[in-house]
Amino acid sequence: MANLETQILDDIIIKGRRKLLTLGSAALAGLVLGGTKEAKAATAYTDADILNFALNLEYLEANFYYLSAFGCTIDKPNAAAIAAGAPSAGIPITGSVGTAGTVSGGSKIPFATTEVASYAIETAIEEGKHVLFLQSALSTAAVAQPAINLGTSWQMLGSALTPAAPTFTPYDTEGDFLLGAYVFEDVGVTAYHGAASLLTVSGNLSAAAGILSVEAYHAGLIRTTINALDPSASTLVPVTNAISNLRAALAVQVAAATTYDPSPDDFGLATFQVSLAGGSNVTATRIVDASADNSKTFAIATARTTSQVLNIVTGGSSFKNGALTSPATGVFFPAGMNAGPNGFK
Amino acid sequence: MDTKLNSLIDKALSRRNFLAGAGSVAAVGLMAGCADDNTTTTGSSGGTGAYTDADVLNFALNLEYLEAQFYLYAATGHGLEATDTAAPSGYTGTYTMGSVTTNSSVTQVGGGITAAQQQIVNEIAYEEQEHVRFLRSALGAAAVPMPAIDLTFFAPLASLASGGALTAFSPFASFDAFLVGAFIFEDVGVTAYAGAAPLISAAGVASGYLTAAAGILAVEAYHAAYIRTAITAGAIQAGSAAAFPYITYANDVATLRNTLTVGNNSAAPGMGTGNTGAPGSSTSCEVPLALPTGLTTASSIVAADSKTAIGFARTVNQVHHIVYGSATVGAKSGGFFPNGTNSIFATTTA
């Protein structure tokens, strides 16, 4: 471990501050925490790059929730969305960088309960506001909406699960919708967490920390509600375990290229054993997506690099033949993300 | 900038030499080594004077002591082990370890708690306990011991929040009451970490403190979401706030938190985005829980700015006003911390 850190420190010393902020922070954090699953971005991203990466993810999340809650994409004025707080003209999907892509698939959930309906509406409106905020913060550097697949992507994802669910769609029932949301929210948390230490402007950091907290509220909401709908842990909970395992595998695939600890960084809703003060071992829920291995993580949420997040949302397309590839295309982003001059990989 | 860059590189060099000489270093020793950086890195924030990264982490540690004690008592009927609360070996600071004030109401959560409910109490207790352990490890010999903590303050706080209607509230009486007790802390924890993150120095960022703080922030927000979702779902299932008064109790707490910090808004970017208006208004850090009806209204699980949906941040002063239960500028103790926090931020300055 010390060898790896000295190697990284050599890199830092040679390449100076920019390198320190992009490579050093995430990698060193992993070492400070005892060597977990922190990988690193080899590219020197600017703040605008990082925020645009986040904007691509927000376009994806916002469209998923708008389609689920209101039956329309974010750019369409919709009476129900407007009543809940959406802008009356819809949310712009064009930007100064890249051309606006279309969204395929998606339909309104046949809601059966006040709980899930109200949660979907709240989340849709908040993710839409994140799109608007990032567009505003980036101003003329903002990317347009990329092409987004919210239809057949779910079957691709389902096929990759173990056990496979090749006909999975999130739009048939409330439970399925929550599983779809589950796919995104914990990833959003790890993405903003990973991005926080890459940002160089204090105001951007404050904003990223604020969005991180909202994504974690959403993730906690989804995980809490799945537990409530599946108290016997027999229908939805096993799927959350499969989704978390897949995300961990895709994240580790990227980390493996840089010789990081391959232990899982993602946990489904299966209960686990914890040791509380006084020595009692008891069963606990896992509302928080954090490792129970306290020799490594101390119940601190995982941070992922842009490469790891990209590999997850493109179904493993950002890592081929032992190396990071660009552009990564697949699953939710059939034409890849819209990126500035530095690209994403 | 060049000076800062050089200083960072110097630190990296010294750390590299330290590691190269040390060979395989245990995680705890490594983190204790990192704490050395703090002694030379200072910053300042309006009104609080100079502080180090260790001061920022110790501020967080005080809050984690409080949360861990509350949740551990709720889960098991007893608190943190002495090894997790005493001054660490080699501690040279002046703060002393306090005790936890309890009474007969401070017990494992009762009232017919179900096995599934007990499991969530266990989870949160475990995670807060680990946060204490993490911060103590990261700070090494610089970690402050636990300050005096009063777990009987829930009753007077509830009385204050409810305008005298609740006279003997105990968060240990039932699972629903526990949710209200937890509600007092969790949104505050989220905003405290959001406010503290930008205070960490560039060297602290390089040492992983920012990533760690952001990771704890995320966990606090997961907890807050659980609490807010459980209370909202309870009210929806009961059909009205009258049938499930805990949603009203929680919103009364939100209003009280708001009142305790009115006028303490900081002009610093990203810090304390409001607290001059009523909860839910564009100038408040509080978003009350909603009771959705039917399939077309939104819930209010997330506590975030109404325009941007970005989570709030609170300053160290604002957080102290809340845990002291006092809006008085200059307050330095009270409420959950009868002798104040073991922190250089203990005395409120705004």
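Keep in mind that the model is predicted. Chain A comes to 9 helices and 6 strands, while chain B has 10 helices and 4 strands.

- Chain A runs to 345 residues, and 65% of them count as buried.
- For chain B, the figure is 60% of 350 residues.
- Take the contacts in chain A with a separation of 6 or more: residues 24 or more positions apart account for 70% of them.
- In chain B, 73% of the contacts between residues at least 6 apart in sequence join residues at least 24 apart.
- Chain A exposes about 10,600 Å², and carbon and sulfur atoms supply 58% of that area.
- The accessible surface of chain B is about 11,500 Å², with 56% belonging to carbon and sulfur atoms.
- If you trace chain B along its sequence, the elements come in the order α-α-β-β-α-β-α-β-α-α-α-α-α-α.

**Helix 3 of chain B and its partners**

- Helix 3 of chain B covers residues 53-76, and helix 8 of chain B covers residues 209-238.
- These two pack at an angle of about 25°, with their axes 12 Å apart.
- An angle under 35 degrees counts as roughly parallel, so helix 3 and helix 8 of chain B are roughly parallel to each other.
- Their crossing is left-handed.
- On the helix 3 side, the contact is made by B:D53, B:L57, B:E64 and B:E67; helix 8 brings B:Y209, B:I216 and B:E220.
- Sorted by class, that contact has 3 nonpolar, no polar and 4 charged residues.
- Helix 3 of chain B also meets helix 4 of chain B, which spans residues 115-139.
- Here the axes come within 8 Å and cross at roughly 150°.
- Anything over 145 degrees counts as roughly antiparallel, so that is the label for helix 3 and helix 4 of chain B.
- The crossing of helix 3 and helix 4 of chain B is left-handed.
- By class, the contact of helix 3 with helix 4 in chain B has 16 nonpolar, 5 polar and 4 charged residues.

**A perpendicular pair in chain B**

- Helix 5 (residues 154-161) and helix 9 (residues 246-260) of chain B have axes that come within 9 Å and cross at roughly 85°.
- That angle makes helix 5 of chain B roughly perpendicular to helix 9 of chain B.
- Helix 5 of chain B puts B:L157, B:L160 and B:A161 into the contact, and helix 9 of chain B answers with B:D252, B:V253 and B:L256.
- The residues in this contact divide into 5 nonpolar, no polar and 1 charged.

**B:V219, a residue to look up in helix 8**

- You'll find B:V219 in helix 8 of chain B.
- B:V219 has a relative accessible area of 0%, so it is buried.
- Leaving aside neighbours within four places in sequence, B:V219 is in contact with A:V288, A:A299, A:I300 and A:A301 from chain A, plus B:E127 and B:H131 from chain B.
- B:V219 and B:E186 are 33 residues apart in sequence, and their C-alpha atoms lie 9.8 Å apart in space.

**Helix 9 of chain A**

- Helix 9 of chain A takes in residues 306-313 and is mostly covered, with 8 of its 8 residues buried.
- Those buried residues are A:T306, A:S307, A:Q308, A:V309, A:L310, A:N311, A:I312 and A:V313.
- A:G315 follows helix 9 of chain A and has a positive phi, near 65°.

**A:G340, after strand 6 of chain A**

- A:G340 is in the segment after strand 6 (323-324) of chain A.
- The cut-off for buried is under 20% relative accessible area, so A:G340, at 16%, counts as buried.
- Not counting residues up to four places away in sequence, A:G340 touches A:V97 and A:V143.
- A:G340 and A:I312 are 28 residues apart along the chain, and their C-alpha atoms are separated by 20 Å.

Notes:
Residues numbered from 1 in each chain as written. Chains lettered and ligands numbered in written order. Predicted model: local features only at pLDDT ≥ 70, side-chain atom pairs only at ≥ 80, totals over all residues. Heavy atoms only, no water. Axes fitted to C-alpha atoms, helices over the stretch in contact; angles between N-to-C directions. Parallel < 35°, antiparallel > 145°, perpendicular 65-115°, else oblique. Left-handed = near helix turned anticlockwise from the far one by under 90°. Contact = heavy atoms within 4.5 Å. Nonpolar A, V, L, I, M, F, W, Y, C, P; charged D, E, K, R; others polar. Buried < 20%, exposed > 50% of the residue type's maximum accessible area, 1.4 Å probe, protein only. Areas by Shrake-Rupley, 256 points an atom, 1.4 Å probe, with all protein chains shown as cover.
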